[in-house]
Amino acid sequence: SLTSKLTSVFLLLALINLNADYPVKLARLHTSDHYLYTSVFSRKAFVENYGSFNLIIRDLSKTLAPDFSYKDNVDFLDNHFESLEDTHEENAMSGLFKDKNLVYIVGESFDELAVSETLTPNLYKLKHEGMDFENHYVPVFPRTTCDGEIMMNTGLIPSIEDGPTCYTYNTNSYESSLANRFSAAGYLTQAFHNNYKEFYTRDLVYDGFGYDAFHGQHELDLNEADKRYDSVFFENAKDHIIKEDERFMSFILTLSGHSPYSDINLAGRKHYPEVDAYYGDDLDRELKYYIATQMELDRMVGLLFEDLEAKNVLDETVVVLTTDHYPYTLDQTLYEDHKDIDEEYQKSKAPLYIYSETHTGMKVENLTTSLDLLPTLLNLFDVESDYRYYIGRDMFDGGTSQVYYKDYSVYTGDTRYFLSDSVEDGLIPSYEKALLDYELSKRILRTDYLKID
């Protein structure tokens, strides 16, 4: 009967909370049955342990129960940040791009398998003539692209347990964000995207990031066909993106590289004959369509360089190109074979290029992540901020990074482990830091701790 089922559920809850493997310290938090039940950080693991009916009841109880954690979270964060000093020091790269403009491009599903001197010469130029971060990682979180935007704009780990950050926390604001820091330094800060800006509630999220404006599909007068071409999108947006009479920071999200990778994709259909002629039978059809979509990104970058030069600001502008995530909608067997990937976490190894006409190319070999990009740009552009509030680090500070994943696994460059592993204290030096970083990000989001007053 329903009564007996409910009784068993509440008995289970009592047992979990009173007698289960309850963590006695933060360093054991993610090993516990209690943490899995209360956080539901993995719905799959929850169902495997407690069943789908109990998941329904857990979701219902979470919805109905009041939350009294706000003050505890704020106290935790206050105590943590008050115990720290901003220890970021100037280094050889500090101020390298001081007072220059910034065009920051996030290429939809962009992967280096699309880079070639013949088919994508502009992407090739960024890689070989700019800073090429050869060991960069862009981890995928539950809401993929939007979570990538959260990491790059705030330097925080996106929500894992509470639902997608771009919905659950879309009214949060961030004094320490990319846009707010550049705005405080005197830049015009604007964001751009081919799609309509209400998608992923970006109209709210980017307001919280602090951008002066967000130009989406409708603001740029793009119809449903034209928005599929990054080159057309840029032509409509270029006079907003590139200014001649004021310093600017323009953040661009592209769209052409989005799946499907077939003749249904307008950008793919446009460039497929050229890709097919180049590769012939040496490459699978789906991979060729994927590369064809990225040729639109390449054309957009070419138009960007032309417009920067026409407006006489090329020498005064830095171009950043990275990706929101690996092309996870590709046939993954094809992708893994082509890239020689053995482990799932390796798919997050991704491109990052930073290009300036006035700075010769260089290779950066140390491990870096999406979370590091914001503090790195602040250092390069000599933009003032408090580095305590970023999970990532300045890539040139001489320290080490680690990659955080949505399943609470960590990659250090040498090893990968799960926080739920039974790890002896001190066995993996990064373990305590990883625990704290996940915890800080979660509590900052839940309390809107960095909000603009």
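Student: Before we start, what does "buried" mean here?
Tutor: Buried means under 20% relative accessible area, while exposed means over 50%. Values in between count as partly exposed. Keep in mind that this is a predicted model.

Student: OK. Lys127 and Asp132, buried or exposed?
Tutor: Lys127 is buried, and Asp132 is buried too.

Student: And what do those two form?
Tutor: A salt bridge links Lys127 and Asp132, with 2.6 Å between the closest N and O atoms.

Student: How many salt bridges does the structure hold?
Tutor: There are 30 salt bridges in the structure.

Student: Which residue does Lys442 meet in a salt bridge?
Tutor: Its partner is Glu161, at 3.8 Å from N to O. Lys442 belongs to helix α16 (residues 431-447), whereas Glu161 sits in the loop between α7 (144-154) and α8 (165-168), so this pair ties together parts that are 281 residues apart in sequence.

Student: Are Lys442 and Glu161 buried or exposed?
Tutor: Both Lys442 and Glu161 are buried.

Student: What about Arg299, which residue is its salt-bridge partner?
Tutor: Arg299 pairs with Glu274, and their closest N and O atoms are 3.7 Å apart. Arg299 is in helix α13 (residues 285-310) and Glu274 is in helix α12 (residues 266-279), so the pair ties together parts that are 25 residues apart in sequence.

Student: New topic. How many disulfides are there?
Tutor: Zero, from a search of the whole structure.

Student: And the cysteines Cys146 and Cys166, buried or exposed?
Tutor: Cys146 counts as buried because its relative accessibility is 1%. Cys166 is also buried, with a relative accessibility of 0%.

Student: Now the surface. Which residues form the negative patch?
Tutor: The negative surface patch is made of Asp284, Asp331, Asp337, Asp340, Asp342 and Glu343.

Student: Where is Asp337?
Tutor: Asp337 is in helix α14, which covers residues 332-339.

Student: And why does Asp337 count as exposed?
Tutor: Because its relative accessible area is 60%, and exposed means over 50%.

Definitions and conventions. Residues numbered from 1 in each chain as written. Predicted model: local features only at pLDDT ≥ 70, side-chain atom pairs only at ≥ 80, totals over all residues. Heavy atoms only, no water. Patch = residues over 30% accessible without salt bridge, like charges linked within 9 Å, V, L, I, M, F, W, Y side chains within 5 Å. Areas by Shrake-Rupley, 256 points an atom, 1.4 Å probe, with all protein chains shown as cover. Salt bridge = Lys/Arg side-chain N within 4 Å of Asp/Glu carboxyl O. Lys, Arg positive; Asp, Glu negative; His and termini not counted. Charge placed at Lys NZ, Arg CZ, Asp CG, Glu CD. Helix = DSSP H or I, 4+ residues; strand = E, 2+ residues; numbered from the N terminus. Buried < 20%, exposed > 50% of the residue type's maximum accessible area, 1.4 Å probe, protein only. Disulfide = S-S within 2.5 Å.
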